[in-house]
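Please look over the structure below together with the briefing that follows. The notes are grouped by topic.

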Amino acid sequence: REETMPSEASIGVKAAVIREKSGEFHIEDLCLESPRRDEVLVRIAGVGVCHTDLVCRDQYFPVPLPCVFGHEGSGIVESVGESVTKVKPGDRVVLSYLSCGECEPCLEHSPGYCHELYGCNFAATRRDASTTLRKGSEVIHGNFFNQSSFATHALATEKNTVKVPDDVPLDLLGPLGCGVQTGAGAVMNSLNPRPGMSIAIFGCGSVGLAAVMAAKVAGCSQIIAVDPNASRLELARELGATHAIDPTRGDPIEGIHQIRPTGVHYTLECTGIPEVLRQAVDSLTLTGVCGLIGVSPVGTECAIDMNSIMFGRSLRGIIEGDSVPDVFIPRLVELYKQGRFPFDKLITFYKLEDINKAVEDTEQGKVIKAVLRP
């Protein structure tokens, strides 16, 4: 009973609140609870706008409203609960997703497939069902991905807080906690191509372009970017793509087979569009692997040619790039410092109060990764 009661200690924060399905974000003054034993209070320096924030706003997944979204936060630790040892006040951190740490996938170092993943990240409450945000007597749902970082401050746990170095711009790093980690990890952790192998990436948003950079790091000899946006294809080439295909100008499957007649070793589907997933599977060579990353509404189905799969091809879903954030995020930071993973080229900064403009520009394809600076 004590654990589920709201704490009297709290701080004032500004946050972007969604009050209705597909509604606008409203900047409001809220009260955020002080950290419990295992929690970390972070002053947000930057937070990425992710496709998952927007599909949850639109209720593709039933997240309770009113709610503060945001799950790609980075910032400075202001205070910690008494049991926290991983970070201390003053540390610079990236916030990532939460897993239970107790189920079989978690114990086998696959936290992205945690049996409690939905409850840990989309329930918008603590695991004991308590909430962290209020406006007067009104409950505002927080704890989205155990952070709700579209705000000046976020409350995370020690488990989903990753310490990062002091010599990298902190406001850049938030997208490493989800979108960039997902695209890069899908290549480097999930597919793990050997040098000289081929890959086609369908969709060149921030996730797809992170995959392009990772494929270059991995030594892929043919990196094919597929997207209808000419500016994104141009950036994909700059970041390492060897070929670019506009699917509105011809069949991308034929285009890929013109580059590699037997098909590519790997494909990644980053759009969540069923027809594109079919194209990604049909572009594979025999024994090739397609990774599905794109998010679509619950219940979305896709038709796959069973004979195509029978001949050694495979299709697998990928969550969070199969990454363990405490391990993988520091690796990406080091690659960035070496100039081998220039994800800063994806980012456009906005003020927190301009979040609706950032979302509009994101949805219209004017920017690749909007990052808010509270």
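Leaving aside neighbours within four places in sequence, which residues is arginine 92 in contact with? Arginine 92 is in contact with Gly75, Ile76, Val162, Lys163, Val164, Pro165, Asp166, Val168, Pro169 and Leu170, where contact means heavy atoms within 4.5 Å.

This is a predicted model, in which local features need pLDDT of at least 70 and side-chain atom pairs count only at pLDDT 80 or more, while totals for chains, interfaces and linings use all residues. Residues are numbered from 1 along each chain as its sequence is written, and side-chain values use heavy atoms, with hydrogens and water left out.

**Overall form**

- The protein has 11 helices and 18 strands, these being DSSP runs numbered from the N terminus, with helices (H or I) of at least four residues and strands (E) of at least two.
- Along the principal axes, the C-alpha trace spans about 65 × 40 × 40 Å.
- Of the contacts between residues at least 6 apart in sequence, 69% join residues at least 24 apart.

**Surface and charge**

- Buried residues account for 56% of the 374 residues, where buried means under 20% relative accessible area, exposed means over 50% and partly exposed lies in between (1.4 Å probe, protein chains only).
- The protein exposes about 15,600 Å², and carbon and sulfur atoms supply 51% of that area; accessible areas come from the Shrake-Rupley method with a 1.4 Å probe, and for residues only the protein chains shown count as cover.
- There are 35 positive and 47 negative side chains, and the centres of the two sets lie 4 Å apart; Lys and Arg count as positive and Asp and Glu as negative, without His and the chain ends, and each charge is placed at NZ of Lys, CZ of Arg, CG of Asp or CD of Glu.

**Nonpolar cores**

- In soluble globular proteins, nonpolar side chains tend to be buried together.
- The largest nonpolar core has 54 residues, and those with the most contacts inside it are Phe25, Leu30, Val63, Val68, Phe69, Phe150 and Leu372; such a core is a set of buried Ala, Val, Leu, Ile, Met, Phe, Trp, Tyr and Cys residues joined through side-chain atoms within 4.5 Å.
- Apart from that core lies another, of 51 residues, among them Val180, Ala225, Tyr266 and Ile293.
- Valine 63 is in contact with Cys56, Phe69, Tyr118, Phe122, Ala124 and Phe144, leaving aside its neighbours within four places in sequence.

**Backbone features in loops**

- Most residues other than glycine have a negative phi, and most peptide bonds are trans.
- The peptide bond from leucine 65 to proline 66 is cis, with omega near -5°, and proline 66 lies in the loop between helix 1 (51–57) and strand 4 (67–68).
- Serine 148, in the loop between strand 8 (138–140) and strand 9 (153–157), has a positive phi near 50° and counts as buried at 4% relative accessibility.
- Asparagine 146 also lies in the loop between strand 8 and strand 9 and counts as buried at 5% relative accessibility; leaving aside neighbours within four places in sequence, its contacts are Leu98, Cys120, Leu155, Ala156, Thr157 and Asn160.
- Glutamate 320, in the loop between strand 16 (314–317) and helix 10 (325–337), has a positive phi of about 50° although it is not a glycine, and it is buried, with a relative accessible area of 7%.

**Residues in strands**

- Arginine 92 lies in strand 6 (residues 92–95) and counts as buried at 17% relative accessibility; its C-alpha atom is separated by 21 Å from that of lysine 369, 277 residues apart along the chain.
- Glutamate 138 lies in strand 8 and counts as partly exposed at 30% relative accessibility; not counting residues up to four places away in sequence, it touches Arg19, Pro66 and Leu133.
- Valine 371 lies in strand 18 (residues 369–373) and counts as buried at 0% relative accessibility; not counting residues up to four places away in sequence, it touches Gly46, Val47, Gly48, Asp171, Pro175, Ile347, Thr348, Phe349 and Tyr350.
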